[in-house]
Amino acid sequence: MSTRIAFLKGHGTENDFVIIPDPDNAVELPPAAVAALCDRRAGIGGDGLLHVVRSAAHPEARHLADRAEWFMDYRNGDGSVAEMCGNGVRVFARYLQHAGHVGEGDLAVATRGGVKTVHIAKAESGGEITVGMGKALLPEGDVTVSVADHQWPARNVNMGNPHAVAFVDDLADAGTLYDPPPFSPASAYPDGVNVEFAVDRAPRHVAMRVHERGVGETRSCGTGACAVAVAAARRDGADPAVTGAPVTYTVDLPGGRVVITERPDGEIEMTGPAVILAEGEILSEWFETATA
């Protein structure tokens, strides 16, 4: 291992990430090291970590190398592995642009949730990034979530990772969201769940808060915003597969705003900002201590 490990810091609507460029998959990142890097007091700090690897160099992504050169090896802030992160994909694409690996226009990014299509807009038109998030699955069965003495029915939405979406009267009803909100039945989410609490702001305009599995409350969650938009559309009687017309929702999060469009073929697109704000080096002595 070299004496220093390069890193960057970025965020998408204030969902922030430590970025470790590692094209050849040479840096070992055990859960303890990821958690230490994401620690906001003793580490760099982040809701998660983006490990940037060429698909051909990673055993989980080699089968996707002919479709996407780059693999987003995403980790939650506690070090656990996650299938997908919508804000993370935007920041991942912005890093590839920042590093000169890609330019404006279209690219493909491999994730554990499949290959995602990404479009980087021209700077003069805002430079926002649109991510093809795939199709939502809507598992059958009633689900409830609760906070203190409040309980709400929730919509089960899977965006490559699991979500429970509850519509509430006031976002404050969600409490602190430090701990995972209890849900039932337990069989609905055997590996845990991201829980979104949403309120209406205007027609096809909602606001939300989220507890992200393995992290806690975050300022933004891209897959969560998609899940909320789909749940709101179905609640409002809008299903593009039935009407043949796309439906678009604006979703406000504590860290900013994204726009979600569901097309008649079921594909969902998310558009929002992504920022690279710093880069530096991690001392190997600290890293080795963190992984010990």
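What share of the contacts in the protein chain with a separation of 6 or more comes from residues 24 or more positions apart? In this predicted model, such residues account for 61% of those contacts. The protein chain holds five helices and 18 strands. Its radius of gyration is 19 Å, which agrees with the value near 19 Å that a compact globule of 292 residues would have.

**Overall dimensions and surface**

- Taken along the principal axes, the C-alpha atoms of the protein chain fill a box of roughly 55 × 40 × 35 Å.
- Of the 292 residues in the protein chain, 52% are buried.
- The accessible surface of the protein chain is about 12600 Å², and carbon and sulfur atoms supply 49% of that surface.

**Nonpolar cores**

- In soluble globular proteins, nonpolar side chains tend to be buried together.
- The largest nonpolar core comprises 52 residues, and Met-72, Val-251 and Ile-260 have the most contacts inside it.
- Helix H3, residues 222-235, gives the most to this core, contributing nine residues.
- A second, separate core has 17 residues, including Val-145, Val-147, Val-193 and Val-195.

- Strand E15 (residues 247-253) pairs with strand E16 (residues 256-262) in the antiparallel sense, over seven bridges.
- Two residues link E15 to E16 in a hairpin, and Val-247 stands opposite Glu-262 in E16.
- E16 also pairs with strand E17 (residues 267-272) in the antiparallel sense, here over four bridges.
- The hairpin of E16 and E17 has four residues between the strands, and Gly-266 in the turn has a positive phi of about 90°.

**Strand E10 and its partners**

- Strand E10 (residues 162-167) is largely enclosed by the rest of the structure, because five of its six residues are buried.
- Strand E9 (residues 150-158) runs antiparallel to E10 and is joined to it by four bridges; within this pair, Asn-156 stands opposite Ala-164 in E10.
- Three residues lie between the strands in the hairpin of E9 and E10, where Gly-160 takes a positive phi near 90°.
- Strand E12 (residues 194-202) runs parallel to E10, and five bridges join the two.
- The bridge partner of Ala-166 in E12 is Phe-197.

**Helix H2**

- Helix H2 covers residues 86-98, 13 residues in all, and reaches 19 Å from its first C-alpha to its last, close to the 18 Å expected at 1.5 Å a residue.
- H2 is mostly covered, with 11 of its 13 residues buried.
- The buried residues of H2 include Val-89, Val-91, Phe-92 and Leu-96, and also Arg-90 and Arg-94.
- Gly-100, which follows H2, has a positive phi near 85°.

**Backbone features in loops**

- Thr-13 is not a glycine, yet its phi is positive, at about 45°.
- Thr-13 is placed in the loop between strand E1 (4-12) and strand E2 (15-21), and its relative accessible area of 3% makes it buried.
- Leu-177, likewise not a glycine, has a positive phi of about 60°.
- Leu-177 lies in the loop between E10 and E11 and is buried, with a relative accessible area of 3%.
- A cis peptide bond connects Ser-184 to Pro-185, with omega near -5°.
- Pro-185 belongs to the loop between strand E11 (183-184) and E12.

- Ser-146 lies in strand E8, residues 143-147.
- Ser-146 counts as buried because its relative accessible area is 15%, and buried means under 20%.
- Leaving aside neighbours within four places in sequence, Ser-146 is in contact with Gln-151, Trp-152, Pro-181 and Pro-182.

Terms used:
Residues are numbered from 1 along each chain as its sequence is written. This is a predicted model: local features need pLDDT of at least 70, side-chain atom pairs count only at pLDDT 80 or more; totals for chains, interfaces and linings use all residues. Side-chain values use heavy atoms; hydrogens and water are left out. The expected span of a helix is 1.5 Å times one less than its number of residues. Buried means under 20% relative accessible area, exposed over 50%, partly exposed in between (1.4 Å probe, protein chains only). Two strands pair if DSSP finds at least two bridges between them. The radius of gyration is taken over C-alpha atoms; the globule rule is 2.2 Å times the number of residues to the power 0.38. Contact means heavy atoms within 4.5 Å. Accessible areas come from the Shrake-Rupley method with a 1.4 Å probe; for residues, only the protein chains shown count as cover. A nonpolar core is a set of buried Ala, Val, Leu, Ile, Met, Phe, Trp, Tyr and Cys residues joined through side-chain atoms within 4.5 Å.
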